[in-house]
Amino acid sequence: MKPEKDLKSILENLEYRDDAQVQKQLVDQSIDLKIRMGRIKRKIVVMSGKGGVGKSMTTANLALAFARAGHKVGVLDVDLNGPCIPKMLGVQGRFEITEEGAIPPVGPYGMKIASMEFLLKQEDTPVQWKGPMELSPVWLGLMEMNVIREFLADIIWGELDYLLIDLPPGAAADKPPVIAGFIPELDGAVVVSTPSEVTKAVVKKSIHYARGAGIPMLGLIENMSGAICPECSTTVTLYEGGCTDICAEMDLPLLGKIPFDQKLANACDRGNPLDTEHPISKNFSDIASHLHDFLESKKY
Amino acid sequence: MKFVCMKCESFMSFNNVQTPGEQSLGVTFTCPTCEMQVAMVTNAGETAMVKSLGVQLGGRTAPATPMELTRSSLKETPEIAETEAAPSATAQQALLKAETEKTEQGEGGGCPFSSMVAQMGGMGTGETEKTAPATVSWSEAAESRLEGVPSFMRPMIKMGVESYAQKNGISAITPEVMDASKNDPGDIRWSKGAEARLENIPSFVRPMAKKEIERIAKERGETEITDKMMEESKEKFMGMGY
């Protein structure tokens, strides 16, 4: 039997040519992303450790508030498996694929909206990937990461003042670091919580997690802060206490309180934005104005 | 990732990517010296992992289309998105032209689909027809030998033999012509100094050494074999006398 050849010495005599250029492909991807994001002044994520607290409602209404103030706004729905921004903003449509990128559907006030919803066959089609989902959660994580990259890099966002990114619930804990990795210049996160003790306990974890990933915290919005009676318009308490304690503990400004309101719920369900005179619209306008002033004051 | 032919001590050349089964990729390689072929077959998990990176196996020859990973990975997509997903006719022509040019330049290793595009025979561009003179005919024996070559290699080999025949004014391709074309250095020239050094190599190993040096030159994209290159290859052929 012939002695085995030594691969190391064979390779020493060969000139390696990188045909696949995987590294270059990955660098090209990040350059595309940087160019696209470079045209957007402010990028804000809306997050929470808990599901069902009103992240998407907050994102949609905050986007409306920025747009009403005259800013150019884009909304990215990163809740890949449960997209609801299009429905809340009353936007239907598809991406238009061009050589320069994907043109997103346009919502109220000219807002550019991107969501998985625009890529699904019909309203009740779930997001299902071709691939061995049961075999590899690692693969699924990689896949979702690159889908988010495509949403950021391949969509023609154009010149925007604000891009609001609606993150999925806390269980998908990989998303904040993914976003922070793609957008290192991220301006920060708006955290949504309810006054529920259970919610606050989970939200605290997500704040620690996001800070650990290098995401600055812009403040917290207390949602379901009481409920407005549809009959007499008086506010009734839903949860004892509020979010002042968690804000103090986590050193976070309380950006505003949004009560549970039937009109707001209907507006979200029907995709008809609340009118500008509604008290909750005013709440969001105040929050947007506060955020804008704060971010402008941070200019350096 | 590279495959090395341990027998010839050279990198194998990338041929193409096939899909031998659902959620499986077959990547084929050929040793440029001994023409031995190997195929690497991935399982479903490996296939998905590669795809999820959003990179193209073998390298890109055309820019990615917007949101291509997302759109191509969803199980169910709306018809409108699928229609829009297809590159425009102009883009397809440009891609095909780039691929054909690359194949003609002997750079088939760049893209997993280059050999598939070569198999399409320059469809719509007329590029392939240009290299195959109408007067060249194939003898039955030569055709039968060509049939023995794996299908994905066939167009490239056919093109190479016909190009050699055209260059040398040969109108009938026989198995002998095929052999001769195999040893044709193509556009690679030998400097006088390099030729002189080649003559110093014992005759029984000279053809092998010549072929190997030409292969190295091709790999480096060189068109002339110089003294310097001979010097660099010396270690490999140490003791052969040059």
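In this predicted model, A:Asp187 and A:Arg42 are joined by a salt bridge, with 3.0 Å between the closest N and O atoms. The term salt bridge is used here for a side-chain nitrogen of Lys or Arg within 4 Å of a carboxyl oxygen of Asp or Glu. This pair connects distant parts of the chain, 145 residues apart: A:Asp187 sits in the loop between helix H6 (175-182) and strand S7 (188-193) of chain A, while A:Arg42 belongs to strand S1 (residues 40-47) of chain A. Helices (H or I, at least four residues) and strands (E, at least two) are DSSP runs, numbered from the N terminus. A:Asp187 is buried, at 10% relative accessibility, and A:Arg42 is buried as well, at 12%. Here buried stands for under 20% relative accessible area, exposed for over 50%, and partly exposed for values in between (1.4 Å probe, protein chains only). A:Arg42 and A:Asp187 also take part in a network of salt bridges that includes A:Glu296.

A second salt bridge brings together the side chains of A:Lys175 and A:Glu144, at 2.8 Å from N to O. Distant parts of the chain are again linked, with A:Lys175 in helix H6 of chain A and A:Glu144 in helix H5 (residues 137-154) of chain A, 31 residues apart. A:Lys175 is buried, with a relative accessible area of 3%, and A:Glu144 is buried at 8%.

A further salt bridge pairs A:Lys282 with A:Glu277, where the closest N and O atoms are 3.6 Å apart. In this pair A:Lys282 is partly exposed, at 42% relative accessible area, whereas A:Glu277 is exposed, at 56%. Over all chains, the search of the whole structure finds eleven salt bridges.

Attention now turns to the nonpolar residues. A nonpolar core is a set of buried Ala, Val, Leu, Ile, Met, Phe, Trp, Tyr and Cys residues joined through side-chain atoms within 4.5 Å. The largest such core has 91 residues, of which A:Phe95 and A:Phe151 touch the most other members. Helix H3 (residues 55-68) of chain A gives the most to this core, contributing eight residues. Another core, of eleven residues, lies apart from it and includes B:Ala209, B:Ala217, B:Ile225 and B:Met229.

Residues are numbered from 1 along each chain as its sequence is written, and chains are lettered from A and ligands numbered from 1 in the order in which they are written. Local features need pLDDT of at least 70 and side-chain atom pairs count only at pLDDT 80 or more, while totals for chains, interfaces and linings use all residues; side-chain values use heavy atoms, leaving out hydrogens and water.
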